[in-house]
Amino acid sequence: MSNEKIRQDVLTYMESHATHPVSYDDLGRDLRYKGKGLGALWTEIELMIKDGLLVKTRFNTLGLPRAMGLVTGRLQVTQKGYGFVVPLEKTEEGDLFIPAMHLSGAMNEDLVIARVSDHGYGGRREGKVIRILERAHERFVGTFTRSGDFGFVTPDNRHIGQDIYVRRKDFLNARNGDKVVVKITVWPNGRQKAEGTITEILGKKGDVGIDIISIIKDKDLPLDFPKEVKEAAQLVPQVIPKKDLKGRLDRRKWPIITVDGVDSKDLDDAIYAEKRGEDYFLGVYIADVSHYVRPRGELDREAYARGTSVYLVDRVLPMLPPLLSNGICSLNEGEERLTMSCEMVISGKTGKVLSYDIAPSVIASRHRMNYPDVAKILTDRDTALREKYSDIVPMLETMEELCTILHKKRVRRGAIEFEIPEVKVILDEKKRPIDVHLRHRTIAEMMIEEFMLAANETVAAHMTKHHYPFIYRVHDVPDEDRMQSLSKIMAQFGTVLKIEGKMRPKVLQMALRKVKGKPEEGMISTLALRSMKQAVYQTENVGHFGLAAKDYTHFTSPIRRYPDLLVHRLLKEQRTGQKLSKKEKENLNDKLSLMASHASTRERLAIEAERETDELKMTEYMLPYVGQEFDGTISGVTSFGMFVQLENGIEGLVHISSLLDDYYRYDEEHFALVGEHGGKSYRLGSPVRIKVFHVSVEERKIDFILPEFETFVTARKETVPSDKKRTPKKQTVKKGGRNKLASQTQKRGGTRQKGSQHGKNKRQNHRRK
């Protein structure tokens, strides 16, 4: 019997006995588990207690947390010291407020159990943490300060809310102002502060590159590969032996190409297309990483632990060592490479896959193409490039036709498209930001995206048809309350989003279409995306809401995503035709569930690190612009102010206290700040002109004010290190013109440290899915 089945049996039983705690004996007897099954039951119950799904009382009985007036969830601590418990199971009551005095030593992101209090202020539910089930972090990055025979580390993460005490014997020769990694040795308990030992000195605060290193260490991401992993990579042959070609489709003479970012080195997908009568043949060829990375080996263990490659603003932290990711696994031009292929015949009328073949193959990429060149060939009809690649131009034009057909098919079934341009930060050789601009997708990116989606859906449908244990990429239906909030916002712009029971993708798609091309399109698209659930990996196939797809998985990026590697292995196992017993299926499904959950966690961590490094450099970029004015759009309205997004995608806060011509109140119904006496309002989506008031790189915070109030406040500017100072030219704005920063949103200038954008375009697209 699977662990998931045992867990469901226990929860169902506890729900039916929710009026009182139950004993272990009653639970075992009533569920009728015997022998090994009974042992598995007790093991699973202990895990459920650890996960907070059950509570064990001091009298050795079991109860459901909510039936006992308890809430289990992740603690989110604010910078002001208080926190909220976000329940594991969504309830109508929502998050539980925890005053600072009742955190009981719990720290940000810890898994906790809190008791709900009956005397919350103003009728608000609040509680007290009574048990810490799991510590989220044991290491923190911060700045060391010495005070005699002791010292303390102030964490960079301001949500930690407390310094960590360090005894002299644990200094590791750290000096004042050093950026360090500290490991907790004594956890806080409400009466006693946290204690720790310094495990690593990163450098001096303000050193070049120390800011990014600090984020990497704070997220506990690996900067290098262990010795044994490097040695295992060196044992992988860089030339394909003839015996490895046996049983593979031979596509070496086909004009197969790769299309990636200009700087990409880990090329894991290649494509080929041709017209066949009224239909199309599409071949998608993916690096056969599973041939080289075998289960339970050093390479596999490291890849599983990392879960994904991480694309930071200035570097890539790869999932696999470069000898594989950039070498034998990468589909480099003119090199023979082993692949897993998904070859499809697609209807020219409907875009439906008429037939397919999924099989191991071997290719030799004809050309290493990049997105800008393909766009110039197809959109700009660039003569020089069309002549240079004359052997594949007809195929590229066929691909463009097929892309349009596949896109129309997805639109017909209700797939939701978010036209949200990527904010791209350009760094110089010293990792200083020199430009920030919005990057829009071209036909080249759209073409690759459509082909990868087609292959992913085909593979998922194949495994569903054969009822084989599998890992799906799922995107569940959005919560109704979030859709209600989105509906209210869209109504402010005259767009109707009908909420009638379970949301259907087509309904949301049609509503978003109505704002296409309007000034509010970008903002509405962003809010809609935030209103939806995050896509995750799991073994239960609930479909993909955003894509309006019944079956979906990740098959196309095994060099940089561990789930894709697993999918390749499962495909190969299924192709052998070996039948699994019911018990074998249950065991494999349990194993895959754990791996899918781990992969989802690692993906979220990677996204956080990527976002934080981007925000860091965007904040740093704005330092020289303190005191200057720009045009923007109100992108968010809260009780404490309004967020304004500039034309290059950078966002800052206009605090409500800086609006000095009236007392403003937050009109939640109309998403606006409204003056109580003058009636002036600042509404979501409205254009506004701002002045950059204050920039704090350390806090990653940008403050704006409205120019009309500048006589009442004095602009403050964080000290800029001498090697980072940039003096912008004097801004002059002609009538109908733009200032320098606004104009930069339309240009490409600057250079980024080599390798910093490896695969980032694909990463952005895939993570939307």
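Helices (H or I, at least four residues) and strands (E, at least two) are DSSP runs, numbered from the N terminus. This is a predicted model, in which local features need pLDDT of at least 70 and side-chain atom pairs count only at pLDDT 80 or more, while totals for chains, interfaces and linings use all residues. Residues are numbered from 1 along each chain as its sequence is written, and side-chain values use heavy atoms, with hydrogens and water left out.

**Residues in the loops around β11**

Q162 lies in the loop that runs between β10 (150–155) and β11. With a relative accessibility of 17%, Q162 counts as buried (buried means under 20% relative accessible area, exposed over 50%, partly exposed in between, with a 1.4 Å probe and protein chains only). Apart from neighbours within four places in sequence, Q162 is in contact with M107, P155, P188, K193 and A194, where contact means heavy atoms within 4.5 Å. G81 is 81 residues from Q162 in sequence, and the two C-alpha atoms are 8.7 Å apart in space.

The loop between β11 (164–167) and β12 (178–186) holds D170. D170 is buried, at a relative accessible area of 17%. Its side chain joins that of T197 in a polar contact of 3.5 Å; such a contact is a pair of N or O atoms within 3.5 Å, and within protein one must be able to donate a hydrogen and the other to accept it, with residues adjacent in sequence counting only if both atoms are side-chain atoms. Not counting residues up to four places away in sequence, D170 touches G196, T197 and I198.

N173 also lies in the loop between β11 and β12. N173 counts as exposed, at 70% relative accessibility. The phi of N173 is positive, near 65°, in a residue other than glycine.

**Packing of α10 and α11**

Two packed helices are described by the angle between their axes and the distance between the axes. Helix α10 (residues 393–413) packs against helix α11 (residues 443–465) at an angle of about 60°, and their axes are 9 Å apart. Axes are lines fitted to C-alpha atoms, for helices over the stretch in contact, and angles run from 0 to 180 degrees between N-to-C directions. The crossing of α10 and α11 is left-handed, meaning that the near helix is turned anticlockwise from the far one by less than a right angle.

On the α10 side the contact is made by L396, M399, E400, L402, C403, L406, H407, R410 and R413, and on the α11 side by I443, M446, M447, E450, F451, L453, A454 and E457. These residues divide into 11 nonpolar, one polar and five charged. Here Ala, Val, Leu, Ile, Met, Phe, Trp, Tyr, Cys and Pro count as nonpolar, Asp, Glu, Lys and Arg as charged, and the others, Gly among them, as polar.

**Nonpolar cores**

A nonpolar core is a set of buried Ala, Val, Leu, Ile, Met, Phe, Trp, Tyr and Cys residues joined through side-chain atoms within 4.5 Å. The largest one has 86 residues, and I257, L324, L396, M399, F451 and F555 have the most contacts inside it. Helix α11 gives the largest share of this core, 11 residues. Leaving aside neighbours within four places in sequence, F451 is in contact with I271, L282, V284, M399, L402, C403 and L406. A second, separate core of 66 residues includes V425, V477, M618 and V626.

In helix α8 (residues 371–380), the buried residues include Y371, D373, V374, A375, I377 and L378. At the start of α8, a side-chain oxygen of N370 comes to within 2.9 Å of the backbone nitrogen of D373. R381 follows α8 and has a positive phi, near 55°.

A364 lies in strand β21 (residues 353–364). Neighbours within four places in sequence aside, A364 is in contact with R252, W254, I256, E335 and E336. P255 is 109 residues from A364 in sequence and 8.4 Å away in space, C-alpha to C-alpha.

**Further residues**

| Residue | Relative accessibility | State |
|---|---|---|
| A364 | 15% | buried |
| K431 | 18% | buried |
| N648 | 1% | buried |
| R29 | 51% | exposed |

K431 is placed in the loop between β23 (422–427) and β24 (433–439), and its phi is positive, near 65°. N648 lies in the loop between β28 (641–646) and β29 (651–655). The side chain of N648 reaches the backbone nitrogen of I650 at 3.2 Å. R29 lies in helix α2 (residues 24–31).
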